[in-house]
Amino acid sequence: MIAIIVVSIVGVIALSVFNVIALKKEQNDMREQQEALQKEKAQLEKELSETNDPENVEEQAREQLRLIKKGELLYVFPEEITEAEETEPDEADKEE
């Protein structure tokens, strides 16, 4: 009878230790995830603060929309044309 009680107590203690270890591991994983999210948040806040910067707006307009200033010429080379054509159907497929 005493052996059964001792085995039960040891089992409960072992289960408790296992749960504590698992919770500590989960806590460490959550801390790492939180740090990664904080870094990402800082990067996004930096990008957000730069959105109204005139230089950034001009850069985005030139790169993404291929806009030019009055009096400038835009040269489009064949490889740029084929790259643009290759990416457009993929984007259209995703939207449908």
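## Salt bridges

The chain has 5 salt bridges, each counted when a side-chain nitrogen of Lys or Arg lies within 4 Å of a carboxyl oxygen of Asp or Glu. This is a predicted model, where local features need pLDDT of at least 70, side-chain atom pairs count only at pLDDT 80 or more, and totals for chains, interfaces and linings use all residues. Residues are numbered from 1 along each chain as its sequence is written, and side-chain values use heavy atoms, with hydrogens and water left out.

One of the bridges joins K41 to E45, with 4.0 Å between the closest N and O atoms. These two residues sit 4 residues apart in helix α1, so about one helical turn separates K41 from E45.

E58, R62, K69 and E72 are linked in a network of salt bridges. Within it, E58 pairs with K69, their closest N and O atoms being 3.5 Å apart. This pair links distant parts of the chain, 11 residues apart: E58 belongs to helix α2 and K69 to the loop between α2 and α3 (78-95). R62 and E72 meet at 3.1 Å, N to O. Here too distant parts of the chain are linked, with R62 in helix α2 and E72 in the loop between α2 and α3, 10 residues apart.

How exposed is R62? R62 is partly exposed, at 30% relative accessible area, and E72 is partly exposed at 32%. (Buried means under 20% relative accessible area, exposed over 50%, and partly exposed in between, with a 1.4 Å probe and protein chains only.)

## Helices and fold

Along the sequence the pattern is α-α-α, with 3 helices and 0 strands; helices (H or I, at least four residues) and strands (E, at least two) are DSSP runs numbered from the N terminus. Helix α2 (residues 54-65) has 12 residues and reaches 16 Å from first to last C-alpha, close to the 16 Å expected at 1.5 Å a residue, a span computed as 1.5 Å times one less than the number of residues. Just after α2, R66 has a positive phi of about 55 degrees.

## Surface

Of the 96 residues, 2% count as buried. The accessible surface comes to about 9300 Å², and 59% of it belongs to carbon and sulfur atoms (Shrake-Rupley method, 1.4 Å probe; for residues, only the protein chains shown count as cover).

M1, I5, I9, I13, V17 and I21 make a nonpolar surface patch of about 630 Å². Patches are made of residues with over 30% relative accessible area and no salt bridge, joining like charges within 9 Å and nonpolar side chains (Val, Leu, Ile, Met, Phe, Trp, Tyr) within 5 Å. I21 lies in helix α1 (residues 2-49) and is exposed, at 54% relative accessibility.
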